[in-house]
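Please provide a briefing on the structure shown below, arranged by topic for a reader who has the coordinates at hand.

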Amino acid sequence: MKKYLQCFMTPKLRPFFTFIIVLLFNTSNYSQIHEVFDYPSIVEGDNTYLCSNLFIDHNGFIWYATKDWLVKDFGNSKKYIPLKFSRSINLPARVNAFFQDKDANIWVLTSLGIYIINYNDYSVKLLQPGIIENNTAYDVYISIVQQQNGTIWVSTYQNYILEIKNNTLINSYKVDQNTTDRFLLNLNKNDDVVIVGETKVFTIKNNKLEFVADKKFEEIFISLTSPKNNVRTKKGFIQYNDKKIPYSYYPKIDMYKISFEDGNFNTFTANRLNNLNFFIEGNHISTIHKNYIWSQKFEYKNQQWYLKDLFKIKLKVNIQSITEDSFNNYILTSNANQIHKVRKELKFYESYLKDSLSNISTRAIISDSKNNLFVASYAGLFKIDSVGNTQNISNDLYNKDIYTFLRKNDSLIWNSSDCHFRESNFLKNTFHNLEQKEMEVHNSKIRSLTHKNSTQIWIGTTDGLYVFDKKTENFTNHNELNKNYSLKDVPINDILQLPNGQVWFGTSNGAYKYNIKTKKVIHYSNKSKTHKIPHSIVLDIHKDKYNTIWMAGDKGLVSINDKGTTNQYVTKDGLVNNTTCSLIETDKHLWVATYDGISRVTLSKNNRQFSNYLKGNEFNHSSSYKLNDSTLMFGSTNGVYKIYTHKVSERHLSQKIIPVSLKTYQKDKDSIIEQFNLKSLKSIELEYDANYFEFKFALNKSFNHTKNNFSYKIEGLTNSWISLGSRTVIRQYGIPPGKYVLKVKGINEEGMKSINELSIPFTVSQIFYKTTAFILTAILLILASIFLIIYRIKSRYKKEKNLKSDIRELKIKALTMQMNPHFIFNIINNIQSDLILKSTININDYIHAFSNLLRTTMNMTTANTISLKNEIEYLEAYVKLQEYRLNNNFSHKIDVINHTDNTDMDTIKIPCMLLQPIVENAILHGLEQKKGPNKLLKITFTINENIEISIEDNGIGRKKNIDTSTHDTPHAMGLMKTRVGLRNELKKNKITIQIIDLITNNTPIGTKVLFKIPYK
């Protein structure tokens, strides 16, 4: 924690600092520069005036009190915190001190109580109701400190010292009960509590109040840090200019008592006492009086203390309080309604030519061997000697419009004055104009000069490129670079000649890379497809020690590395301004002059860091010069600046973007609610009909928040970063439902990036009928309905199909049953014929065979299929009966050809009564009617993937049978075809039947019927 002494309206330090003020009134401004930022007025609504000193918390945000509120000021936004006092009062309670404890909570000491404010949710708690509240002995709380062990000490106006731990009062001490004093608390370097009053000093050790010393009104106690192992003398003096300030050292508290015993205060000095305020931290002290600020430092050298003046600042208004932010190195002051920030910074530059009644816009800058600077401007040619004296050395009209310089030797300089080219010796003040017959001088204005080689000079003009020969003093037009590229009428702003024979031209049409030997040209422009750069105008080109080409122009800063990769840097990357005009390289940095200040860029390729200086100054093209790595010159529209690079402070700020508040619409409360406790904010959830939010944030530890630069994007909604400028609020309306990520990044006023990038996911819910769950449920219901409908249709179809199948099966069985009686009828007729014509013995054999055949036939009546083996046996029995009936006047042959392995004919099933009608037909209508011998019935079964059955007879043939027959198609044959048709309707694998008439020499010789029956 900081160990400091801050006084407000307290008289004990006034004599000493009044003495300092009297001395300072006779001193001049010291070697520092100071950027002053006048904070916007705190007057806003009910806020009317300050009722406290200022306080800076660990994030660099300012706290103060007005008559109505405590205010935490984030810069662009504020948090107002009301305090509810325990007693009604007519006047606002004064806040005497702010303090931030180790848990980051803010303690507020008022004339009516001690309040603790939670840093995250801003909840306010009055400390220990019933112990401090309504206890008039503890009224008016003045000062507060916290030891390393967490113990907090508070002093009161009634000389009480309160010891508080874990927000609980554990002890109290009464100091000098016979004297009313204002005791301020301090911690020395040993973390001891030191109690400094107006007349006495105490300390508390081992839970005991110990007296240290008496003091006078004109004496103060202060902790000073001296070199290690230094033996401190108990008495001595502090040397301040020609004055000596006495002191005494008290080892018990490790503090110095500093005395001013003169006492001869004049009326002028006495009138300042009541307005005096100061701030002490370490060995530094800052003091204010009216509209003055002084900063001083105690230094210990050669066994002697010195008080050194650092700077004095005069503001436009009177100020009443002061504090310091040591991290950002600035002083914070205030009056009744305004806050001022003053940056302390070592003076790193000097300015010249700024005292004229009118601004002097400078152009070319160069120096001679005696470190005299020559600065060209439209007001003439100026000489600035080594001690800073300036002189206008213009002696003719041509010296009033010089645009660029080029050194010839130690004393001679090539220079141009718009349309003229000359050789000048500024030391002797002599000039030699050169004829320019080859140049179109009536239109051309020279803008750049560069050595091409030892004998020639490149000259860039507003209408093209020329070469000047130093020996012949001739000018040559060099606009035609090759057959494809010409610089005629192209303004050439800068020329960079490289040792390898390559030259770069920065023009108002991009940049050209030109190889002098091969005449190869590469044109970089914003219209090129292969070598694209953002610039349309290139004002300056530079090659650094890493072989990176840098270009300044109208679209920021561009780099092209040795591999050809192009990068652009603009304000969002930290550049101070997007119009860059001049480049200078030092050991570690590239300095970039712009139209609004100077940026310093690290040359390291790993991480480009920007720092910005001299903001508010517009710098000129071709107006920069490097004396050495430590001294740079930059010309502006109002004088010239000499920058001492080794004096530029190295700032390593670790600034973070801090969420401030989130404003959303809450349905349950039917109002817009602003939420400030965002520490645990992980995501934002918005309803589809309340898809609005307002998000505020701040960059902590900022000096001038109005010059910060922020950008944001919403992943899933915007593809690119959107610039906010210095604004720190994002408002979004009508966001479509979906999941998004809000990202915010920032750059401070000096071009340094914040160390973090805010990333907050948020979701806008979908209206219920558009939600994924609802859509999926609806789809599932629709699919289920479709499935149910299809299932019912299929079930009905299957049922109908089964019914149809059953009907067909019944039809087949019915047909089969019709075939059986037909077959039986034929057999009975045969028996009848045999009874009449044949013997009884033959009839008995016939009836026996018939009974076996009839038994098989009856079995087929109840079955749809029969095994192939049984079918063959059945046909064998049937054919034998027919042979017997016809007295064996024909023969038969049944063959089985099996082309498969391990196929059991018992397992092969074929339809019943399918082959018998064909066999019967072959015998009755083919063989029986044929006369003569050698009648043959041949039946062949071939087993492949299907059963192929061939029934062949050598009877009279179908044609002859039809001609001689008086009957219709045999009844059994017709039934068989009907059965096959019905069966094929039920099965995917069809049975095919083919009837072939066997003919030789147009004579029928029989009939062949082929079956193909699937069995798998």
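This is a predicted model: local features need pLDDT of at least 70, side-chain atom pairs count only at pLDDT 80 or more; totals for chains, interfaces and linings use all residues.

The protein chain contains eight helices and 73 strands. Of its 1016 residues, 50% are buried.

**Overall make-up**

- The accessible surface of the protein chain amounts to about 48,600 Å², and carbon and sulfur atoms account for 49% of that area.
- Among contacts in the protein chain with a separation of 6 or more, 54% are between residues 24 or more positions apart.

**Largest nonpolar core**

- The largest nonpolar core has 39 residues, and those that touch the most other members are Val919, Leu937, Ile951 and Phe1011.
- At least two residues of this core come from each of α4 (840-861), α5 (868-885), α6 (916-927), β70 (936-943), β71 (946-953), α8 (971-986) and β73 (1003-1014).
- The element that gives the most to this core is α5, with seven residues.
- Beyond its neighbours within four places in sequence, isoleucine 951 has contacts that include Val919, Leu937 and Phe1011. Its other partners include Leu915, Ile918, Ile939 and Val1009, along with Lys938, Thr1007 and Lys1008.
- Helix α6 is mostly covered, since nine of its 12 residues are buried. The buried positions in α6 are Gln916, Pro917, Ile918, Val919, Glu920, Ala922, Ile923, Gly926 and Leu927.
- In soluble globular proteins, nonpolar side chains tend to be buried together.

**Nonpolar surface patch**

- Leucine 783 is part of helix α3, which spans residues 772-837.

**Salt bridges**

- The whole structure holds 17 salt bridges.
- Arginine 958 pairs with aspartate 997, with 2.8 Å between the closest N and O atoms. Because arginine 958 is in helix α7 (residues 958-964) and aspartate 997 in strand β72 (residues 992-1000), the pair ties together parts 39 residues apart in sequence.
- Arginine 958 has a relative accessible area of 36% and is partly exposed; aspartate 997 is likewise partly exposed, at 36%.
- Glutamate 694 bridges to lysine 663, the closest N and O atoms being 3.4 Å apart. This pair links distant parts of the chain, 31 residues apart, with glutamate 694 in strand β61 and lysine 663 in strand β58 (residues 657-666).
- Glutamate 694 is buried, at 5% relative accessibility.
- Lysine 301 and glutamate 299 meet through their side chains at 3.5 Å, N to O. Lysine 301 is partly exposed at 46% relative accessible area, whereas glutamate 299 is buried at 17%.
- A network of salt bridges links Lys297, Glu299 and Lys301.

**Cysteines**

- The structure contains zero disulfides.
- Cysteine 581 is buried, with 0% relative accessibility, and cysteine 912 is buried at 1%.

**A loop residue: threonine 706**

- Threonine 706 sits in the loop between β61 (693-699) and β62 (709-715).
- Because its relative accessibility is 38%, threonine 706 counts as partly exposed.
- Setting aside residues up to four places away in sequence, threonine 706 touches Phe37 and Ser726.
- The C-alpha atoms of threonine 706 and glutamate 749 are 8.0 Å apart in space, while the two residues are 43 apart in sequence.

Notes:
Residues are numbered from 1 along each chain as its sequence is written. Side-chain values use heavy atoms; hydrogens and water are left out. A disulfide is a pair of cysteine sulfur atoms within 2.5 Å. Buried means under 20% relative accessible area, exposed over 50%, partly exposed in between (1.4 Å probe, protein chains only). Helices (H or I, at least four residues) and strands (E, at least two) are DSSP runs, numbered from the N terminus. Contact means heavy atoms within 4.5 Å. Accessible areas come from the Shrake-Rupley method with a 1.4 Å probe; for residues, only the protein chains shown count as cover. A nonpolar core is a set of buried Ala, Val, Leu, Ile, Met, Phe, Trp, Tyr and Cys residues joined through side-chain atoms within 4.5 Å. A salt bridge is a side-chain nitrogen of Lys or Arg within 4 Å of a carboxyl oxygen of Asp or Glu.
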